[in-house]
Amino acid sequence: MKRFNICLFLLLITSVSLFAQEVDTIPIDTKNLEIKLKRSPLPSRTGSLIYKPVTILPIIVSEKVNYWKTRTSVGINVNQATFSNNWKSGGVNSLAIGGLVNYKAEYSKEGYSYTSEVILEYGKINNKDQLQKKTRDRIFWDNKAALQISKNWYFFGSVNFESQFDKGFAYYKENNEEKQSLISKFMSPGYLTESIGFEYKPTGYFSTRIGTGTAKQTFLLDSVYNERFNANHYGIPKNKKFRNELAFQIVSNFDKQIFTNVNLKARYQMFIPYDRPLVHVDHRLDVELRSKLNRFMNVTVTGVGLFDKDADNEIQGSQTLALGVTFVFPR
């Protein structure tokens, strides 16, 4: 009986397997079978697409890389005061006008750079019952070419020129009357300095030139010798108009916006002659602090400290405070 049940079970499994194979392989006749698909509500069109070749001309861009960067600043300052004849607090009528032109051009390409800067300053003041006096007078032109030799170091060569526009006078009193004595004029003195050496420039706003080979020419085209006010005669012997010196020179420049709308610009120069004692080392420090009030108006404080024994045995100094308008191109 047990064997019969096992045989019956095996027979049943075999039948099911055969039936499954037969069902899986039953052919279906689809010749007359009609299949209906639901039509799409979107409109459709049928047709042939026509392709035509299109020739695309290359676009040539005529733009060129400009390695030059220029900036021009023009400033005008006017100060005026008027008092009535019966003004009891005291005062004197005065009019002061000053102008400044600062042009700077910079070229930089693949480790080579060139910088040219021109500074022109002139101003005068006229007080009632007094002689006219200059408040500022300077011509300065600096040119420098540099070749990069490492990340922060450059080999440079520079030439700069410095003089003044107008005559300069020393003023004194004689018999209660104001007098003036000529002590300088254009190219008397005039300075031309050539220098080669190395420049350290870690950032865009600070640099220091170390001029190991520097030559300086001092010119006195017209005699301005004055025993009382200019006995040193700018280091040039009497009846001479020219002097050449070889020296070691250091020039440091700083130009940065230190606060919002406040810019600090400073230049320090040290000149050490090779053929004279260290007491004849020249120092000059120029500082300008400019605060911008709006698009055109600004307040400027400038100061100059100068020690040059060829001009005077003491330290010379000047300071100005001005409110004026400045135009900058390009903006």
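**Exercise 1: The nonpolar core**

Task: Which residues make up the largest nonpolar core?

Solution: This is a predicted model. Start by picking out Tyr191, Leu220, Val224, Tyr234, Ile236 and Ala311: these six residues are the largest nonpolar core. Next, zoom in on one of them. Leaving aside residues up to four places away in sequence, Tyr191 is in contact with Asn160, Phe161, Glu162, Lys216, Gln217, Thr218, Tyr234 and Asp308. Tyr234 turns up here as a contact of Tyr191, and Tyr234 is also listed in the core.

**Exercise 2: The largest cavity**

Task: How many cavities of 30 Å³ or more are there, and what lines the largest cavity?

Solution: First, the background. Rolling a probe the size of a water molecule over the atoms shows where empty space is left. Here, the count is three cavities of 30 Å³ or more, and the largest cavity holds about 110 Å³ of space.

The largest cavity has 13 lining residues, and Asn77, Leu100, Arg136, Arg290 and Thr300 are the ones nearest its centre. Sort the lining by type and you get three nonpolar, seven polar and three charged residues. Finally, find the strands involved: β1 (68-81), β12 (282-292), β13 (297-307) and β14 (316-329) each give at least two residues to this lining.

**Exercise 3: Two aromatic pairs**

Task: What kind of aromatic pair do Trp68 and Tyr107 form, and what kind do Tyr205 and Phe254 form?

Solution: A pair of aromatic rings is described by the distance of the centres and the angle of the planes. The structure has 12 aromatic pairs. For Trp68 and Tyr107, the centres are 5.1 Å apart and the planes sit at 50°, so you call this pair tilted. Trp68 is in strand β1 and Tyr107 in strand β2 (residues 94-109), so to speak distant parts of the chain, 39 residues apart. Trp68 is partly exposed, with a relative accessible area of 43%.

Move on to Tyr205 and Phe254. Their centres are 5.5 Å apart with 80° between the planes, and this pair is edge-to-face. Tyr205 lies in the loop between β8 (190-200) and β9 (206-219), while Phe254 lies in strand β10 (residues 242-259), so the pair ties together parts 49 residues apart in sequence. Tyr205 is partly exposed at 32% relative accessible area, and Phe254 is partly exposed at 24%.

How values were computed: Residues numbered from 1 in each chain as written. Predicted model: local features only at pLDDT ≥ 70, side-chain atom pairs only at ≥ 80, totals over all residues. Heavy atoms only, no water. 1 Å grid on protein atoms, 1.4 Å probe; cavity = no way out; pocket = protein on both sides within 12 Å on 5 of 7 lines; lining within 4 Å. Points joined across faces, edges and corners; volume = space filled by probe spheres on them. Helix = DSSP H or I, 4+ residues; strand = E, 2+ residues; numbered from the N terminus. Nonpolar A, V, L, I, M, F, W, Y, C, P; charged D, E, K, R; others polar. Core = buried A, V, L, I, M, F, W, Y, C linked by side-chain atoms within 4.5 Å. Buried < 20%, exposed > 50% of the residue type's maximum accessible area, 1.4 Å probe, protein only. Contact = heavy atoms within 4.5 Å. Phe/Tyr/Trp six-rings, centres within 6.5 Å; stacked < 30°, edge-to-face > 60°.
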